[in-house]
Amino acid sequence: MVEFDHVGLRYGPDAEVLVDISFTLQPGSFYFLTGASGAGKTSLLKLLYLAQRPSRGIVRLFDEDVVALPRHRLPGFRRRIGVVFQDFRLIPHLSARDNIALPLRILGVEESDLAGPVDEMLSWIGLKDRAQALPATLSGGEQQRVAIARAVIARPKLLIADEPTGNVDPDMAMRLLGLFEALNRLGTTVVVATHDVHLISRIDNAQMMRLEKGRLADPTGALRFPPANRL
Amino acid sequence: MIIPRVPVQQRAMLAQGRLQGPTPWVLAILMLLTLLAAAAGLSLARSASGIGGAIADRVTVQIVTANPEERSRQASRIRRLAADQPYVRAVRAVPRDEVAATLGRWFGTGNGDDDPVIASRPLPDLVDGDLVPGSGAAAEARLRSLVTAQAPGARVIPHAEWLAPVASLIRTLAWVAVGLVVLMAMASAAVVIMTARAALGTHYATIEMLHLTGATDTQICRLFQRRIAIDSAYGIMLGALVAALVLALLAWQLADVTAGLGASAALGAWGWIFLALLPLLAIALAALTARVTLLRALKHML
């Protein structure tokens with residue numbers, strides 16, 4: 001599903017923020033990515049959701065090397081990835097409903113086929129009565145739920161979430177985690193970056209990656225070093 | 001497609017709002033000036049062409065023999081002989097009254113036939129001739145030798161010599177108008193480029209989100225192209241409407257001018273058709289410029 005082989009990332013002339021990152025994510029697995037603030041979690045996630053190209057190394061996604069992937073092929077990969085951003089990144093002039101429908105509209109789904117899944121998702125996150133509300137009128141937790149619904153509505157192969165439960169109460173956090181787990185059971189590979197240790201213990205069989213100063217540690221031994229293709 | 005078709009729900013991905021910002025108004029002003037310059041260029045070109053056509057093969061024979069009776073005989077002979085030449089299409093003696101009236105505007109007292117000043121002057125006898133079109137300098141030379149044989153002091157004056165500098169000036173002014181039209185088209189394109197770049201800057205976060213959600217450059221471009229093309233079309237059509245009113249007013253005033261340069265300055269059917277097409281070309285240019293600018297800028301985003 002995902003392979004990183006000695007990947008490094010630097011912004012401009014500064015030192016690398018990610019150093020020699022190598023790991024393999026198996027299809028249908030559940031991973032937590034932890035690390036202190038500034039350890040490089042968000043940078044690693046950016047490489048995963050193709051918002052950034054690495055400075056060195058090899059990144060393989062869905063069995064293809066994406067480092068030198070031509071731009072016109074990026075959308076095809078991105079459509080298979082769902083992302084929950086730490087700052088939500090909801091489009092401010094679109095209603096909650098339209099934000100959630102965005103990935104389906106980009107895929108070209110007909111409006112008649114789109115209403116059902118969007119309504120279902122709104123019900124699931126408990127915002128059906130606020131479907132037409134603009135993001136600015138939603139609370140932080142509500143915005144986060146909309147962001148999650150948007151990330152999962154197109155049934156992505158890979159779901160990446162950056163601190164997805166940071167702004168919701170514990171009950172909602174567990175419900176959201178339950179959604180991730182349900183998607184995982186359907187075959188979606190899930191990567192969740194979080195500080196919340198309690199969250200990690202709630203998912204059976206979840207594996208953990210830990211970033212320390214831009215380098216990857218492997219506390220559970222779940223990740224293979226060196227990666228499979230170098231053995 | 002100039003204005004891409006985008007489903008209503010997808011149009012909403014971009015914040016709504018029309019005729020906001022200066023772009024439509026700037027394009028309206030540029031379109032107004034472009035149409036006025038184009039109309040001026042077209043009418044000047046028609047005037048230059050009209051003058052050229054009117055004078056190209058026309059000559060006047062001026063007979064200045066001192067003895068009025070001999071002068072009159074020479075004029076009659078020249079007219080008769082010239083009319084028999086194959087390279088001469090038409091010939092006529094200019095009546096003395098017409099010569100007197102023409103000169104009276106400049107030298108006389110304005111008393112018409114009784115003008116004492118003109119009456120005191122020895123007026124030349126004039127014969128106007130139209131050469132066969134395209135007969136050129138050879139025909140002119142043959143006529144000159146015929147005239148010299150009949151009246152040694154007479155002069156053959158091609159009209160082109162008088163009015164060629166005027167026609168040349170008018171042609172130059174027409175080209176200046178063409179240059180202005182081109183410059184204003186470039187200025188309009190520059191306005192659209194700046195608008196497209198500003199729109200990309202304003203909506204950067206939305207574009208980034210659309211990209212990360214899997215939108216292609218073409219999908220995003222169509223959203224912006226549609227908006228910019230529609231806004232541009234509003235501005236251009238507004239400018240065209242005002243220009244049409246101004247030109248209609250000028251055409252109405254020109255309708256009273258039935259002779260001379262004024263009459264030849266009328267635009268003609270093709271001129272009006274060309275002017276009507278200009279706004280459509282401008283809208284197409286705006287849409288194309290927006291598309292190229294947007295696609296180039298989007299390529300620099302990951």
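Reader: Hi! In what sense do strand E1 (residues 2-9) and strand E4 (residues 56-61) of chain A pair?
Author: E1(A) and E4(A) are antiparallel and share five bridges. Pairing here needs at least two DSSP bridges. Strands (E, at least two residues) and helices (H or I, at least four) are DSSP runs numbered from the N terminus. This is a predicted model, where local features need pLDDT of at least 70 and side-chain atom pairs pLDDT 80 or more, while totals for chains, interfaces and linings use all residues. Residues count from 1 along each chain as written, chains are lettered from A and ligands numbered from 1 in written order, and side-chain values use heavy atoms, without hydrogens or water.

Reader: Thanks! What stands opposite Gly8(A) in E4(A)?
Author: Arg56(A) does.

Reader: And which sheet has E1(A) and E4(A) in it?
Author: A four-stranded open sheet in chain A, ordered E2-E1-E4-E5, with antiparallel pairing. Its edges are E2 (18-25) and E5 (64-65), which each pair on one side only.

Reader: Which strands does H1(A) lie across there?
Author: Helix H1(A) lies across E1, E2 and E4 of chain A, at about 125° to E1(A). Such angles run from 0 to 180 degrees between N-to-C directions, with axes fitted to C-alpha atoms, for helices over the stretch in contact.

Reader: Now the other sheet: what is the strand order?
Author: Six strands of chain A make an open sheet, E6-E7-E8-E3-E9-E10, with mixed pairing. E6 (81-84) and E10 (215-217) of chain A have a single partner strand each, so one side of each lacks a neighbour in the sheet. From one strand to the next the twist averages 20°.

Reader: Which helices pack on that sheet?
Author: H1 (residues 41-48) of chain A is one of them, touching E3, E6, E7, E8 and E9 (207-212) of chain A, and its direction makes about 155° with that of E7(A). H5 (residues 140-152) of chain A also packs there, touching E6 and E7 of chain A, at about 175° to E6(A).

Reader: What about E8(A): why is it largely enclosed?
Author: Five of the five residues of E8(A) (189-193) are buried, so the rest of the structure largely encloses this strand. Buried means under 20% relative accessible area with a 1.4 Å probe, protein chains only. Thr189(A), Val191(A) and Ala193(A) cover one side, and Val190(A) and Val192(A) the other.

Reader: Who are the partners of E8(A)?
Author: E3(A) (residues 30-35) pairs with E8(A) in parallel over four bridges, and Leu33(A) stands opposite Ala193(A). E7(A) (residues 158-162) runs parallel to E8(A), joined by five bridges; there Ile160(A) is the bridge partner of Val191(A).

Reader: Switching topic, how many residues are in the largest nonpolar core?
Author: That core has 81 residues, and Val2(A), Ile21(A) and Leu210(B) are among those with the most contacts inside it. A core is a set of buried Ala, Val, Leu, Ile, Met, Phe, Trp, Tyr and Cys residues joined through side-chain atoms within 4.5 Å. Helix H9 (residues 217-254) of chain B gives the most, ten residues.

Reader: Last one: which element of chain B has the lowest mean pLDDT?
Author: H10(B) (residues 260-264), at 53, whereas H11(B) (residues 268-299) has the highest, 91. pLDDT is the predictor's confidence per residue, from 0 to 100. Chain B averages 84, and the complex gets an ipTM of 0.86 and a pTM of 0.74 from the predictor.

How values were computed. Buried < 20%, exposed > 50% of the residue type's maximum accessible area, 1.4 Å probe, protein only. Contact = heavy atoms within 4.5 Å.
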